[in-house]
Amino acid sequence: MSSRRKFLREIGTTALLTSAGAWRAFGYEQKAEERTLLAEKKFSSNDKIRIAVIGLGIMGHNDLRTALKVPGVELAGLCDLYDGRLVRGKELYGNDIFTTRDYREILNRKDIDAVIIATSDNWHARVTTEALKKGKAVYCEKPMVHKLSEGLGVVNTQQQTRKVMQVGSQRVSSVGFAKAKELYKSGEIGQLNCIEASFDRQSAIGAWEYTMPTDGSPATVDWDRYIAGMPKMPYDPKKFFWWRNYKDFGTGVAGDLFVHLVSGIHFITGSLGPTKIFSAGQLSYWKDGRDVPDIMTAIMDYPATKENPAFQVMLRVNFISGNGDRGVTKFIGSEGTMDMRGNGFTINHSLMPKAPGIGGWDSLETYPKAMQDQLLQDYNKKYSKDDQKEPSKPAINYKEADGYDEHLDHFTNFFEGIRSGAPIVEDAVFGFRAAAPCLACNDSYFQKKIIYWNPATMTVMK
């Protein structure tokens, strides 16, 4: 208890929400306390959760490192189709760690409770479905599926098996998003009418031209397993190590980055999804063999519901941005905007006076003088000076505490769901509803048409 109190004192003043005064970020304190208590808890061998990673690339590596920070979690196995990553796994976690190229060997092990699926997108649905049926809890990287047609199958399997599933858009577990949702729901920006969201990048690495290993070849890569179920094609290191650039294996900027934006929008607004989706784009700069665009813009129409008015979402990704790397989501309402970027957000208000105004753009000057005088007299009689003034309201600035890690909170939520049945932040239904509009953007782009979507039934409308 003494260590917990000391820890809370240390973090208690680091995250502030400022308006007329300063408030503590209670969401951060609560999660910090939960993590501290969890860290102090002693886990028996029966309480420990043993995990395996299927796909030990960039996200698989980062996911594993974060997952092992959660107390009571142990690594039991690693799977990847490139031998070099399995070698690296043993370097990091010990020579005794079980490794394999075949994910089915992971799923068949009785000593593994949960799997992290961080494969190329085209394997997400297949491995997730089989893992759930084998009784494993699943943490699947976003997008949850590769194609719209795969989504309901994963949702139904999760609901039938009742195994815990978390989708990996970790920002939705952040205290910043929780605070943004609270302020949005309180009406801080008035009636929402549109959202503008973007991700810009300005580097070869940001555009998915990752550093290739020096020994990549059919001898070190299980290429036949990688393309299982697809037409035969010769080994291509780009399609394996740069898979995000190819629609047969990845989902392009829409599935990789739009889905983060849409996940946040759905979390904050509580929306189920849009009904009308259109996208356009082009391959502007990175002409390296990829067959997906490096610039894409999408427009999505969200219907009115009990929780929200109808609003429009505009999304953009630019992989050759003169602005450098940045991501912004701006909620635009009738009384202000909420500008989210990095580890915080700012709310600026713009309030209209009660009086509608008179004579805008010199329109009054076009009327006869006697009419002008009468209109002004009637206006001033109807509206007081206070009614005619534009109200003001102080801005709100929120920043998460230094060192705060939403990725850790996302995994903590996943493992607590396994242990105690705690509600999952991004379950299969949420994950598919976030991924579907983004996958529909790809369909819109390649098919050159508007996609109509039913967010309630999660089906394409004909």
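Visitor: What percentage of the residues of the protein count as buried?

Guide: This is a predicted model, so keep that in mind. Of its 462 residues, 49% count as buried. The C-alpha atoms fill a box of roughly 95 × 60 × 40 Å along the principal axes, and the accessible surface is about 21900 Å², with 51% of that belonging to carbon and sulfur atoms.

Visitor: How many helices and strands are in the protein?

Guide: You'll find 15 helices and 18 strands. As for the contacts between residues at least 6 apart in sequence, 71% join residues at least 24 apart.

Visitor: Now the helix pair. What describes two packed helices?

Guide: Two things: the angle between the axes and the distance between the axes. Here, take H3 (residues 58-67) and H14 (residues 406-420): they pack at about 70°, and their axes are 9 Å apart. Angles of 65 to 115 degrees count as roughly perpendicular, so H3 and H14 are roughly perpendicular to each other.

Visitor: What is the handedness of the crossing where H3 passes H14?

Guide: Right-handed. On the H3 side, the contact is made by Met59, Asn62, Asp63, Thr66 and Ala67; H14 brings His407, Leu408, Phe411 and Phe415.

Technical notes. Residues numbered from 1 in each chain as written. Predicted model: local features only at pLDDT ≥ 70, side-chain atom pairs only at ≥ 80, totals over all residues. Heavy atoms only, no water. Axes fitted to C-alpha atoms, helices over the stretch in contact; angles between N-to-C directions. Helix = DSSP H or I, 4+ residues; strand = E, 2+ residues; numbered from the N terminus. Parallel < 35°, antiparallel > 145°, perpendicular 65-115°, else oblique. Left-handed = near helix turned anticlockwise from the far one by under 90°. Contact = heavy atoms within 4.5 Å. Buried < 20%, exposed > 50% of the residue type's maximum accessible area, 1.4 Å probe, protein only. Areas by Shrake-Rupley, 256 points an atom, 1.4 Å probe, with all protein chains shown as cover.
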